[in-house]
Amino acid sequence: DAHFFASHAGIVYNADGVPEGIALKVNHSSRSVPVRISGTVGKQHAYPALAAIALGVTEGINFISAAQWVEEWYKPPAGRLRIISGMRESIMLDDTYNASPSAVQAALAALEDVKGKRKIAVLGDMMELGRHSVEEHHKVGETVAEAADIFFAVGPRMKAAAEKARALGMRDVETFSDSRVAADALRAILKAGDVVLVKG
């Protein structure tokens, strides 16, 4: 029932099969305009685009012009599921800004959506969860087991996620107490076509 809503959101790939961004349709008053957001994955990036277009139209800007402006000028912030070329023709999804339960789940959903030979999740601790910490890290472990082929759990809290992923049958799970050691281990296994989510 919203006046502005997105539909047909999906990842856009170049001719080599490398993700370039997301495409969606913005719908308003029985009209639909395509919008492309470059350099990122994750359907959550539709929300700031929708907000900007809605504000523009509300302030008298033509619907199509507002959509074109967003497509041309909107750049997702650093550390928010930005696509980065990695070593050995791998793709890195840089979501290092912060880690809350909902943000980690959204990032893992994006990882699951991206095409790649292997999906690697490198996840750091979610902080400030108090008595909910173990439960929320277990939920992450459940999702990782479905979304990724390899799981690097970094930090003492993320060990609970690793344990849960292993309990669900995920075989390629490693735990690290230090992010530099995890980075070295990741470098050693990277192959062309890997998609790596880094979230912390």
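Biologist: Hello! In this predicted model, which residues does Val144 touch, leaving out those up to four places away in sequence?

Modeller: Happy to start there. Val144 belongs to the largest nonpolar core, and is one of the residues there that touch the most other members. With residues up to four places away set aside, the contacts of Val144 are Leu108, Ala121, Leu123, Phe151 and Met170.

Biologist: Nice. Which element gives the most residues to this core?

Modeller: Several elements give two or more residues to the core, including β5 (91-95), β6 (119-124), α4 (133-147) and β7 (150-154). Also in that group are α3 (101-113), α5 (159-167) and β9 (195-199). The element that gives the most, with five residues, is α3.

Biologist: Let's zoom out. Why can the protein be called as compact as a globular protein of its length?

Modeller: The chain folds into six helices and nine strands. For 200 residues the globule rule gives 16 Å, and the radius of gyration of the protein is close to that, so the protein is as compact as a globular protein of that length. The radius of gyration itself is 18 Å.

Biologist: How far apart do the centres of the positive and negative side chains lie?

Modeller: There are 23 positive side chains and 24 negative ones. The distance between the centres of these two sets is 2 Å.

Biologist: Now the backbone. Is Leu81 buried or exposed?

Modeller: Leu81 sits in the loop between α2 (63-73) and β4 (82-85). Its phi is positive, about 55 degrees, although Leu81 is not a glycine. Most residues other than glycine have a negative phi. The relative accessibility of Leu81 is 1%, which is under the 20% cut-off, so Leu81 counts as buried.

Biologist: And Ser29, is it buried or exposed?

Modeller: Ser29 also has a positive phi, near 50 degrees, without being a glycine. Its place is the loop between β2 (19-28) and β3 (31-38). With a relative accessible area of 55%, over the 50% cut-off, Ser29 is therefore exposed.

Biologist: What separates the C-alpha atoms of Arg80 and Lys199?

Modeller: Arg80 lies in the loop between α2 and β4, and is partly exposed at 33% relative accessible area. Not counting residues up to four places away in sequence, Arg80 touches Thr40, His45, Asp94, Asp95 and Tyr97. Arg80 and Lys199 are 119 residues apart along the chain, and their C-alpha atoms are separated by 9.2 Å.

Conventions
Residues are numbered from 1 along each chain as its sequence is written. This is a predicted model: local features need pLDDT of at least 70, side-chain atom pairs count only at pLDDT 80 or more; totals for chains, interfaces and linings use all residues. Side-chain values use heavy atoms; hydrogens and water are left out. A nonpolar core is a set of buried Ala, Val, Leu, Ile, Met, Phe, Trp, Tyr and Cys residues joined through side-chain atoms within 4.5 Å. Buried means under 20% relative accessible area, exposed over 50%, partly exposed in between (1.4 Å probe, protein chains only). Helices (H or I, at least four residues) and strands (E, at least two) are DSSP runs, numbered from the N terminus. Contact means heavy atoms within 4.5 Å. The radius of gyration is taken over C-alpha atoms; the globule rule is 2.2 Å times the number of residues to the power 0.38. Lys and Arg count as positive and Asp and Glu as negative; His and the chain ends are not counted. The place of a charge is taken as NZ of Lys, CZ of Arg, CG of Asp or CD of Glu.
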